[in-house]
Amino acid sequence: MIKIRDLEYLSAIGEHRHFGRAAESCFVSQPTLSGQIMKLEEQLSLTLVERQTRKVMLTPAGEQLLVEARNVLKAANAFETSAKALLDPFAGDLHVGLIPTLAPYLLPHIMAPLNIELPNINFYLYENQTKTLLKELEDGKLDLLILPWLEDMDKFDRYDLFEEPLVLTVAPQHALANADELNLFDLKGQNILSLEDGHCLRDQAMGYCFTAGVSEDQRFKATSLETLRYMVASNMGITLLPKLATLNTSLNKTISYIPFMKPEPVRQISLLMRSGYSRMECVRSIVKSVKASISSGSKQNR
């Protein structure tokens with residue numbers, strides 16, 4: 001009988017391509033993992049792994065069975081989650097992924113209310129780029145994602161949480177700094193500082209900017225919103241920031257945030273889950289709580 005644990009070992013080797021790192025991710029010793037893989041190969045009468053001095057490769061049979069192993073692990077995880085939900089849909093572990101341009105600005109607004117309203121849920125939070133989070137949601141490593149909605153996410157179920165405006169961010173000495181609000185087309189001919197590739201906010205912000213005749217500043221690509229903020233504060237350029245990232249920051253006295261007229265550039269923040277996810281009562285409670293927290297925060301910051 002094939003053991004779930006052996007499939008976890010195979011999956012870890014497929015992910016890390018290294019016995020030591022795979023063993024570490026499974027919280028076992030390298031000899032234990034290597035020995036179990038050898039027993040699995042004997043049981044199947046197949047060679048799954050090519051063992052070389054500096055790296056590990058899967059054989060064609062290993063690559064094919066890796067896909068099957070991950071499907072089994074996903075199904076086993078869903079089975080366990082469903083069983084726990086039958087006991088109490090509002091208890092247990094919940095693994096939630098967020099992107100770096102949202103997590104540090106949203107979590108302070110929503111986590112305290114969520115912990116009060118769902119005291120028996122253990123929230124595990126993960127910050128990563130969109131592509132990685134979507135893969136981990138699909139593989140069953142994460143339960144939910146909170147991130148900006150993109151059209152290629154339509155294979156997942158979703159609840160829309162709120163629309164977050166993007167605001168122009170400039171140094172006080174910039175020519176646009178004294179405007180109460182702007183039309184996006186007022187930026188025509190300007191160069192905009194942006195994030196590096198891989199951040200969905202970059203693509204969303206630059207999509208709006210290109211439409212308005214704005215160019216991307218090619219001299220520098222930031223790795224975070226905080227880098228962009230400090231560059232603007234140093235009068236090295238202008239950028240667009242999400243509204244949540246403009247609240248309660250130490251640099252607010254040295255930066256001007258200017259809203260846009262409607263239709264303003266926005267990003268739709270949504271909660272994503274796999275189709276058929278079993279803990280929907282809990283999900284609906286989370287959606288209700290997040291919407292209430294954002295609505296309350298919006299009223300306070302008017």
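Helices (H or I, at least four residues) and strands (E, at least two) are DSSP runs, numbered from the N terminus. With that in hand, a word on what you have open: this is a predicted model, where local features need pLDDT of at least 70, side-chain atom pairs count only at pLDDT 80 or more, and totals for chains, interfaces and linings use all residues. Residues are numbered from 1 along each chain as its sequence is written, and side-chain values use heavy atoms, with hydrogens and water left out.

**The whole chain**

Show everything as a cartoon and you'll find nine helices and eleven strands. The C-alpha atoms fill a box of roughly 75 × 45 × 30 Å along the principal axes. Of the 302 residues, 46% are buried (under 20% relative accessible area; exposed is over 50%, partly exposed in between, with a 1.4 Å probe and protein chains only).

**Stop one: Thr-169**

Select Thr-169, in strand β6 (residues 157–170). Thr-169 counts as buried because its relative accessibility is 0%. Now bring up its contacts (heavy atoms within 4.5 Å): leaving out residues up to four places away in sequence, Thr-169 touches Val-232, Ile-238, Thr-239, Leu-241, Ile-255, Ser-256 and Tyr-257.

**Stop two: salt bridges**

A salt bridge here is a side-chain nitrogen of Lys or Arg within 4 Å of a carboxyl oxygen of Asp or Glu, and the count by this rule is 15.

Next, select Arg-202 and Glu-216, bridged with closest N and O atoms 2.9 Å apart. Arg-202 sits in helix α7 (residues 200–211) and Glu-216 in strand β8 (residues 215–222). Arg-202 is buried at 13% relative accessible area, and Glu-216 is buried at 10%.

Then try Lys-135 and Asp-139, whose closest N and O atoms are 2.5 Å apart. Lys-135 is partly exposed at 42%, and Asp-139 is partly exposed at 23%.

**Last stop: Leu-46**

Leu-46 lies in the loop between α3 (30–44) and β1 (49–51). Leu-46 counts as partly exposed because its relative accessible area is 38%.
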